[in-house]
Amino acid sequence: MAKTNFQSIDEYIASCPEETHERLQTIRAEIKRIAPDAKEKISYQIACFELNGKNLIHFAGWKKHVSLYPVPAGDEAFESEISKFVDGKGTVKFLLDEPMPMKLVNKIIKLHLAQNLKMTKGKSK
């Protein structure tokens, strides 16, 4: 992934390792389904969705994993569920050689959406 001035999420995904493309498209579709008013953009040179003028969630493809950023705050049960996937400060990493935990991905997206709506008081921009 040498290019760093992506103009769209499609362009970003095309630059990622081929084995990540399907998972990245699945994550993208889930974000669109859960937060249909969110807008696609590139932020920090990775895929991002924005809602109400704030970045909602970032996602990226790497050689051996896909990641979501940042790690959302949740209750103790969520913290326990996500702990095996947290890697470093603010990163959720899903290895390509393991099944994608879509229920957890959905929870992550929904937590980001709730936080965004709370921060922006649900106002559309």
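Helices here are DSSP runs of H or I with at least four residues, strands are runs of E with at least two, and both are numbered from the N terminus. By that rule, Asn106 falls in helix α4. Before going further, note that this is a predicted model, where local features need pLDDT of at least 70, side-chain atom pairs count only at pLDDT 80 or more, and totals for chains, interfaces and linings use all residues. Residues are numbered from 1 along each chain as its sequence is written, and side-chain values use heavy atoms, with hydrogens and water left out.

Let's stay with Asn106 for a moment. Its relative accessible area is 16%, so Asn106 is buried (buried means under 20% relative accessible area, exposed over 50%, and partly exposed in between, with a 1.4 Å probe and protein chains only). Setting aside residues up to four places away in sequence, Asn106 touches Glu30, Arg33 and Ile34, where contact means heavy atoms within 4.5 Å. Looking along the chain instead, Thr120 is 14 residues from Asn106 in sequence and 21 Å from it in space, C-alpha to C-alpha.

Those contacts bring us to a pair of helices. Two packed helices are described by the angle between their axes and the distance between the axes. Helix α2 (residues 21-34) and helix α4 (residues 102-120) have axes that come within 10 Å and cross at roughly 45 degrees. The axes are lines fitted to C-alpha atoms, for helices over the stretch in contact, and the angles run from 0 to 180 degrees between N-to-C directions. That makes α2 and α4 oblique to each other; angles under 35 degrees count as roughly parallel, over 145 as roughly antiparallel, 65 to 115 as roughly perpendicular, and the rest as oblique.

Which residues do the meeting? From α2 come Thr26, Ile27, Glu30, Ile31, Arg33 and Ile34, and from α4 come Met102, Asn106, Ile109, Lys110 and Leu113. The residues of this contact split into six nonpolar, two polar and three charged. For that tally, Ala, Val, Leu, Ile, Met, Phe, Trp, Tyr, Cys and Pro count as nonpolar, Asp, Glu, Lys and Arg as charged, and the others, Gly among them, as polar.

Glu81 sits in helix α3 and, at 31% relative accessibility, counts as partly exposed. Leaving out neighbours within four places in sequence, Glu81 is in contact with Leu104 and Lys107. The C-alpha atoms of Glu81 and Leu104 are separated by 8.0 Å, though the two are 23 residues apart along the chain.

Now for the inside. In soluble globular proteins, nonpolar side chains tend to be buried together. The largest nonpolar core in this model has 33 residues, and those with the most contacts inside it are Tyr12, Phe49, Ile57, Phe59, Leu68, Phe94 and Ile108. Such a core is a set of buried Ala, Val, Leu, Ile, Met, Phe, Trp, Tyr and Cys residues joined through side-chain atoms within 4.5 Å. Elements giving two or more residues to this core are α1 (9-15), α2, β2, β3 (54-61), β4 (65-69), α3 (76-82), β5 (92-95) and α4. The largest share, five residues, comes from α4.

Phe49 has quite a list of partners beyond four places in sequence, including Ile9, Ile31, Ala38, Leu56, Ile57 and Phe59. Ile46 belongs to strand β2 (residues 46-51) and, at 11% relative accessibility, counts as buried. Not counting residues up to four places away, Ile46 touches Tyr12, Lys41, His58, Phe59, Ala60 and Tyr69.

Most residues other than glycine have a negative phi, and most peptide bonds are trans. Tyr44, in the loop between β1 (39-43) and β2, has a positive phi near 55 degrees, and with a relative accessible area of 74% Tyr44 is exposed. Gln45 lies in the loop between β1 and β2 and has a positive phi of about 60 degrees although it is not a glycine; at 32% relative accessibility, Gln45 counts as partly exposed. As for the peptide bonds, a cis one joins Tyr69 and Pro70, with omega about -20 degrees, and Pro70 is found in the loop between β4 and α3.
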